[in-house]
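Trainee: Before I use the labels on this model, I would like to hear what each of them rests on. Can we take them in turn?

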Amino acid sequence: MKERPLYGLLSLIVLLLSIVIVACQKDEEVVPEDTVLPNIVLPQPPKRLSADTVTDSSAIVTWEKSTDHSQVANYVVYQDSIEVFRDTLTRYVAKSLEPETSYQFLVRSTDKEGNTSKFSEELLVRTKAQDTVVRDSVSLDSLNPYSVLLLTPKLKVDSISATKALLSWSTDSNLSSVKEFRLYQDSTMVTAQKETTYSANDLIPESTYSFYVVAVDGQDKETKPSNRVEASTPPLKIVNDTMPPPPPTGLRSSNIGSNSIDLTWDILADSLQIAAFGVYQDSILLGIVKDNLYQVRDLQAQRTYGFSVTAWDTKERESAFSEVLQLTTLQDEVKDTIVEAPLPPKNLAANEIGAESLSLQWQLPSDSLSVKEFRVFQDDAFIGFTTNTSYGVRSLSPETSYEFTVSLVTENGKESPPSAPFAVTTVEKKPSPIEETAPSAPVDVTVSNVTSNAVELSWTVVEHSVAISSFNVYQDGEFKSSVTNSSLKLTDLLPETVYQFSVSAIGENQLESGLSLAVEATTLAEVSSPRDEEPPTSPKNVSADEVTETTIGLSWEASTDNVAVTAYVIYQNGVEIAEVSGTSFQATGLSSSAEYSFKVKAKDAAENISTASETLQVTTLENVVVDNTPPSVPQNLTTIETTQTTISLRWGASTDDTAVTGYHVYQNNQNIASVQSTAFDISSLVPATTYRYKVTAYDAEGNESGQSLGVSAMTLSEELPETDKILVFTKTAGFRHGSIEKGVATFQALGQSNDFEVVQTENSGDFNTTNLSQYKVVVFLNTTGDILNNTQQVAFENYIQSGGSFMGVHAATDTEYDWPWYGQLVGAYFNGHPKIQEANLEVVNRNHSSTAHLMGNWTRTEEWYNFKDIYSGIKPLIMLDESSYEGGTNGTYHPFSWYQEYDGGRVFYTAGGHSNSAYDEPDFRQHLLGGLLYCLER
């Protein structure tokens with residue numbers, strides 16, 4: 001009984017110890033092995049960058065694969081700090097480089113989680129000199145877009161008239177090697193022929209044309225373009241007809257539709273033949289035609305337009321306007337734009353599975369419409385498209401698992417959901433046995449034909465050795481030269497010197513053998529001749545024979561020498577300028593009315609130089625220039641702004657043999673002003689009146705050029721427009737979104753409720769200075785591809801520079817990739833997208849009219865664009881959170897919407913607006929309206 005209290009105490013102590021142990025174990029719990037931790041470890045940067053096959057215009061950059069604890073997704077190549085390539089390949093071909101120019105290359109790797117490695121070591125590559133690259137490699141020639149067999153021709157203009165130019169060219173190439181010559185007029189090929197002359201006919205008087213020519217070899221490769229020559233045609237002979245033609249009559253319509261109207265009118269006679277007619281819509285020139293009919297397109301349904309016509313004679317005189325014809329287009333047919341998405345491809349499978357490639361194939365769905373293309377995705381990332389039901393995938397990693405899906409796009413632009421995913425694992429890559437064996441070292445190295453500065457080596461290849469591609473020769477243990485033959489002559493050696501030589505072999509697998517047994521050779525002593533140390537006598541009687549404004553002819557008496565005089569050295573103002581063998585010399589490139597001093601020294605074969613002759617002082621003649629050449633005719637006369645009482649003119653600068661002093665401005669054939677700049681604003685004009693303008697250039701001597709091509713402009717009527725107008729441009733040259741019509745309707749609805757007028761067009765011809773001037777904002781709504789020519793691009797740049805605004809929606813960044821100005825205007829270029837899915841947006845600026853209605857986070861479903869070439873000048877409004885969806889490639893800096901002020905105008909862009917449903921979202925519609933109000937400066 002006495003032991004029980006002790007037993008109870010011991011039990012209590014054991015219980016307390018158990019509680020303490022359990023608590024400690026609880027504190028030391030670890031994360032279960034099946035818990036997924038975020039990948040925050042950066043991949044390793046690529047190593048061992050090298051450049052292969054460097055030419056005058058290209059280079060191949062390669063590197064080793066990076067290592068990462070998870071799979072590397074892409075390699076990003078930077079050329080001179082600009083991203084130029086993003087792919088899984090470890091090889092990049094840099095093209096269109098400049099000759100004799102150094103370029104910097106850096107490479108980074110990214111993993112599937114978006115982590116980016118540090119930069120690789122810097123690789124500097126310098127291209128070779130133009131036309132000096134050795135053309136003995138098929139791979140090299142395939143990188144060079146130009147012929148390596150022919151030299152570039154030289155082009156000239158032999159004669160020119162008002163309508164014709166006679167051209168000829170020469171070449172240093174053998175004409176028998178030339179397949180044909182191709183002549184280009186204003187970048188358009190006009191002939192392909194063997195002859196070296198060509199007559200360009202049917203030219204327009206008072207116009208400037210640009211020509212260049214290329215030669216074509218038997219492989220159908222062109223040389224680089226020749227020099228460009230500019231040819232300006234003179235005006236036609238003057239005809240004594242000073243009256244413009246009368247205005248056309250009988251303007252009428254033969255057919256009226258919902259978006260087009262056919263016009264026709266009566267033909268009138270003139271003292272000169274009628275050359276063309278100008279067709280105007282609401283005072284805006286639509287076009288110039290030779291016949292008396294014209295079809296007006298791209299009109300709005302149920303809208304009234306005013307049309308008038310003018311007549312032009314062969315002297316470019318334009319008549320007054322015909323009577324205005326008011327016409328109203330018909331009501332447009334209601335089209336059902338709701339189209340269900342097509343079914344996805346089925347039975348996706350793979351065959352020919354290798355270590356680094358495989359081939360995918362699939363079948364069409366049962367309800368398939370006309371298919372435009374199939375889009376292939378690897379691990380949810382877009383990798384390419386095809387029009388076939390199969391696709392070859394390259395640049396995979398051995399023993400790696402991948403998942404593929406395929407979607408289809410119909411001819412009407414509808415994209416199906418992705419197919420059922422297909423998973424596949426690549427096989428193991430087996431090493432090639434050729435990499436294991438190096439060739440045997442050469443034997444029997446011998447020396448022959450030893451001189452004081454040269455020896456000849458030869459050696460023998462071991463029988464049954466690995467196939468050999470070349471040999472390396474070593475002199476005193478250091479590499480000297482590489483040859484493909486089994487012999488070599490070494491020069492530039494020192495007399496009476498002992499040398500050791502050895503040779504190694506390089507196999508076709510690029511493995512090098514050991515060195516052969518060394519062979520020793522001693523060069524012979526150098527034989528010298530007696531030295532001549534007596535200099536020639538000094539030249540006498542240096543005189544100037546002929547002096548002009550820029551040249552001086554010199555002559556002198558011959559010097560004498562104990563052996564022979566070999567040359568004379570001429571000094572101009574104490575500086576050696578030439579060495580000649582005779583007793584005369586002409587100094588060129590001199591300044592007029594300038595004094596120069598000359599001395600002459602004689603030199604013999606032993607480099608002994610005489611004392612200098614007496615100094616001759618000569619002054620060049622004064623340069624008297626008689627300027628009787630007029631400046632060139634001003635080009636590209638245009639009107640950039642028109643009001644009720646003013647018209648602003650701009651034109652291209654003229655050139656002159658001395659200098660252009662100014663320009664005369666003619667209004668209706670009367671000289672109204674003389675200006676020094678290439679711009680002039682005319683004021684105090686009458687509203688709703690047409691004026692005709694031409695410009696000439698003059699120099700300081702009063703020489704005046706011919707008149708430029710005329711331009712007509714009508715001042716605006718006194719009645720000002722009541723509402724702002726915006727132009728919605730929807731032209732596509734690539735993929736066409738099915739939501740374009742819904743987007744146009746949305747803008748029109750916003751305009752009706754917010755007091756602005758919406759005009760929609762797909763006509764690139766609307767991008768001219770006169771037409772664009774009526775719009776406050778131009779909207780690119782889901783445009784794609786190259787949609788404006790050079791002239792239209794210039795007009796649009798002028799529009800922005802004059803204060804116009806630009807708004808881009810969704811695929812506006814998938815537009816005009818070869819127009820750098822546009823790339824900075826829109827702010828970035830499209831760089832692919834994953835599948836449509838939900839994601840989170842972070843509103844980073846709520847002090848803007850497009851985001852003021854949004855909360856800090858905005859969750860929605862969209863086709864999320866990835867971007868490249870993001871312009872540093874944009875101001876982000878909304879950022880895309882790449883952690884909230886799959887397929888983002890921009891990392892932490894992924895703007896979704898932004899604004900900026902660029903080149904004189906306001907800019908707003910949003911990446912939303914892919915599908916019809918987007919335009920039904922109240923928040924997105926308010927987002928669009930806010931962007932428009934910013935561009936409208938409201």
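Mentor: Buried residues make up 42% of the 938 residues in the protein chain. This is a predicted model, in which local features need pLDDT of at least 70 and side-chain atom pairs count only at pLDDT 80 or more, while totals for chains, interfaces and linings use all residues. Residues are numbered from 1 along each chain as its sequence is written, and side-chain values use heavy atoms, with hydrogens and water left out.

Trainee: What makes a residue such as S504 count as buried or exposed?

Mentor: Buried means under 20% relative accessible area, exposed means over 50%, and partly exposed lies in between, with a 1.4 Å probe and protein chains only. S504 has a relative accessible area of 0%, so it is buried. S504 belongs to strand β34.

Trainee: What is S504 in contact with, beyond its neighbours within four places in sequence?

Mentor: Contact means heavy atoms within 4.5 Å. With those neighbours set aside, the partners of S504 are P442, F471, N472, Y474, E512, S513, G514 and L515. The C-alpha atoms of S504 and A441 are 5.5 Å apart, although 63 residues separate the two in sequence. For the protein chain, 66% of the contacts between residues at least 6 apart in sequence join residues at least 24 apart.

Trainee: Why is L517 called exposed?

Mentor: L517 has a relative accessible area of 78%, so it is exposed. L517 sits in the loop between β34 (498–507) and β35 (519–522).

Trainee: How many helices and strands does the protein chain have, and what counts as one?

Mentor: There are 7 helices and 60 strands in the protein chain. Both are DSSP runs numbered from the N terminus: helices are H or I with at least four residues, and strands are E with at least two.

Trainee: How do you know what span to expect for α3?

Mentor: The expected span of a helix is 1.5 Å times one less than its number of residues. α3 has 15 residues and an expected span of 21 Å, and its first and last C-alpha atoms are 21 Å apart, so the span is close to expectation. Helix α5 (residues 790–801), with 12 residues, reaches 16 Å and is likewise close to the 16 Å expected.

Trainee: Which residues of α3 are buried, and why are they said to lie on the same side?

Mentor: The buried residues of α3 are I740, G743, V744, T746, F747, L750 and G751. They cover an arc of only 160° around the axis, so they are on the same side of α3. The arc is that of the directions from the helix axis to the C-beta atoms. On the other side of α3, Q752 and S753 are exposed. The cover over the buried residues includes β50 (724–729), β51 (756–761), β52 (777–781), β53 (805–809) and α7.

Trainee: Why does Q748 count as partly exposed?

Mentor: Q748 has 30% relative accessibility, and so it counts as partly exposed. Q748 is in helix α3, and its contacts outside four places in sequence are Q300 and V758.

Trainee: What describes the packing of α3 and α7?

Mentor: Helix α3 (residues 740–754) and helix α7 (residues 922–935) pack at an angle of about 65°, with axes 11 Å apart. Axes are lines fitted to C-alpha atoms, for helices over the stretch in contact, and angles run from 0 to 180 degrees between N-to-C directions. T746, F747, A749, L750 and N754 in α3 meet R925, L928, L929 and L932 in α7. Of these contact residues, 6 are nonpolar, 2 polar and 1 charged. Ala, Val, Leu, Ile, Met, Phe, Trp, Tyr, Cys and Pro count as nonpolar, Asp, Glu, Lys and Arg as charged, and the others, Gly among them, as polar.
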